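Let us walk through this structure together, one region at a time. Have a look at the model first, and then read on.

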Amino acid sequence: MHKKFSIFFILSFLSINLIGSSYWQQKVKYKINISFDVNNNQFSGTEEIIYYNNSPDTLNKIFFHLYFNAFQPNSMMDIRSRNIIDPDRRVMDRIYNLDKDEIGYHRIKSLKQDENNLTYVIEGTILEVELFEPIRPNDSSIFSLEFYSQVPKQIRRSGRNNKEGIEYSMAQWFPKIAEYDRQGWHAHPYIAREFYAPWGNFDVSISINKKYVVAATGVLKNLEEYKNYNTWNFIANNVHDFVWAADPDYTHDKIQVPNGPLVSFYYQNNSESMNENWKKLQNSIVEAFQFFNITFGKYPYPVYSVIQAGDGGMEYPMATLITGERSFPSLLSVTIHEVLHSWYQMILGTNESYFAWMDEGFASFAQNRTQFILFNDIYKLDSVNSLKNSYQRYFKFLEKDIEEPLTTHSDHFSTNEAYGVASYTKGAIFLSQLGYIIGNENLFSGLRTYFNKWKFKHPDKYDFIRIMEKQSEIELDWYIDYWIGTTHKIDYAVSVNDEKNNLIQIDLSRVGKIPMPLEIVVKYSDETKDIFYIPLSIMRGIKSFDSKINVHVLSDWNWVNPKYSFKVDTKKRKIYSIEIDSSMKMADVDRSNNYLLIEK
Ligand SMILES: [Zn+2]
């Protein structure tokens, strides 16, 4: 028995070590040249892609995304939008009603692997390619494409002529290699929202009528004039996407962040108030960048561009496309949110399809933190729990009974609303509540460690939670299992037993299914208070509290037990009130049973 155990122990130790050291990721280098015709909204292009197979597998196939093909009647995006019960208002049946010159498409004129013509099939937004020569582990191949594309009328994110009069919002605009990772290929069709791609370098040249100002991901390396055309050459290294926008009427302002990037702002002077807001935005964003660098890790790129374009707010490497005709608070909050996606998804390249909460939720949490610390004169967030509005949104949403777990693929939620609450709201609460479990100091320190360890990689939920476990010395698998993997709720209740011999018994019950550590605040008639802290046994550790707070650590609560009791001495002081979690950061769905007033 003992020997068996030892062998098992050694084997499992080895396999854990292997998993730990076996992280790999694909790499890609793009050289893209396009020639753009503003008269018919079409462009022809060439792409040379060097693809490095760093995986332990031999690849016989490769997949490309052809995102513009989504903007055609009867595409998956169109059919989904016409069948889901709560379609995105920007989409509805608009794709179905596009004319021939309004649809989007990518047509492949030629596709080669190292000079050999390849056979391929186009299925909607995915190009499936049979390789001429398999790519072996640690080998690479060069793919050459010639393509021809039409920019759709703007429906969602990319397209021409957005509602504010920006001519070209060029997101998801080139044939793009899908990601192959530890879970295999991610050739997901473009239905609503998922983006995930290999890390790489981009060298992009755009030839366009010289009346246009081009804003893009990366650094402008060269601008060359030839007859009526300008060729804009941008370089972006260590990114997983590339966006650009173009308009003849862009104003371009630049401002340098001390110890940070040069930030560009591209916007149209549509009105006096808009101009004022966009000028005022610039200093606030400089201040915000400095705060982000200290709080979430240092921004690693030399530039960032805030570009008026698109249909709301969408994040890209070193850039965002946002609509610009907004009040100042709205303009500032959307910009903060999108810039923070530089940390959550653009640098920590999580797979959005499966971990939308790790980019939307984390960006929302960081946005809330920034608004609370730097701009609370504008936003007036709750001083006890700055994220209170998100908690309330989650509680209100539960009344509809349409919740789905956060492990659902982004495009497979039954409603857009369930996706929104899972990724943005519950994702933000995930971090705020993690602060309640491990302490805020550990939370923020852990977020910086997560950034430094996983930047320019593809972390998943287990990579994140391991960082937090090491940071806090608390086991957190149960938390991720319940909060991410299920739709179970948190609900605890407090009651008291009659006072006997100057001792009052406090009885707690777990009404909801999710176990949580509890902080019981007992206030006394003399206005003093105590915190009674009850860790879970499965945490195998305890929270580190601020040393100024008077905390009594009680014995562990075994989660299988629905009840827990402890006694408080009332000889010297009478109890005034008892409350479960006065920080309000534990998402207890029924707070009516959290509070008792004892002495009236
Ligand atoms: Zn977002």
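Which element gives the most to the lining of the largest pocket? The answer is helix H5, with five residues. Before going further, a word on what you see: this is a predicted model, in which local features need pLDDT of at least 70 and side-chain atom pairs count only at pLDDT 80 or more, while totals for chains, interfaces and linings use all residues. Residues are numbered from 1 along each chain as its sequence is written, and side-chain values use heavy atoms, with hydrogens and water left out.

The chain is divided into domain 1 (26-247), domain 2 (373-485) and domain 3 (492-597); these bounds come from an automatic or database domain assignment. Between the centres of domain 1 and domain 3, taken over C-alpha atoms, there are 55 Å.

Now back to the pocket. Rolling a probe the size of a water molecule over the atoms shows where empty space is left. On a 1 Å grid over the protein atoms alone, a pocket is an open set of points where a 1.4 Å probe fits, with protein on both sides within 12 Å along at least five of seven lines, and lining residues have an atom within 4 Å of a point. The largest pocket has a volume of about 760 Å³, where volume is the space filled by probe spheres set on the points, and grid points are joined across faces, edges and corners. Its lining is made of 37 residues, and Asp88, Arg90, Arg156, Arg157 and Tyr424 lie nearest the centre. Two or more lining residues come from each of helix H2 (76-83), strand S22 (313-316), helix H4 (328-340), helix H5 (352-374) and helix H8 (416-438). Helices (H or I, at least four residues) and strands (E, at least two) are DSSP runs, numbered from the N terminus.

What kinds of residue make up this lining? There are 12 nonpolar, 11 polar and 14 charged. Here Ala, Val, Leu, Ile, Met, Phe, Trp, Tyr, Cys and Pro count as nonpolar, Asp, Glu, Lys and Arg as charged, and the others, Gly among them, as polar. Because domain 1 and domain 2 both give residues to the lining, the largest pocket lies between them.

Next come the strands, which pair if DSSP finds at least two bridges between them. Strand S8 (residues 139-150) runs antiparallel to strand S2 (residues 42-53), joined by 12 bridges; Tyr51 has Ser141 of S8 as its bridge partner. S8 is also joined to strand S4 (residues 105-113), again antiparallel, by eight bridges, and there His106 stands opposite Ser149.

Elsewhere, five strands form an open sheet with mixed pairing, in the order S28-S27-S26-S30-S31. Its edge strands, S28 (551-553) and S31 (595-597), each pair on one side only. Within this sheet, strand S26 (residues 518-524) and strand S27 (residues 529-534) are antiparallel over six bridges, with Val521 opposite Ile531.

Finally, visit some loops. Most residues other than glycine have a negative phi. Asn74, in the loop between strand S3 (59-65) and H2, has a positive phi of about 70 degrees. Asn161, between strand S9 (159-160) and strand S10 (168-170), has a positive phi of about 55 degrees.
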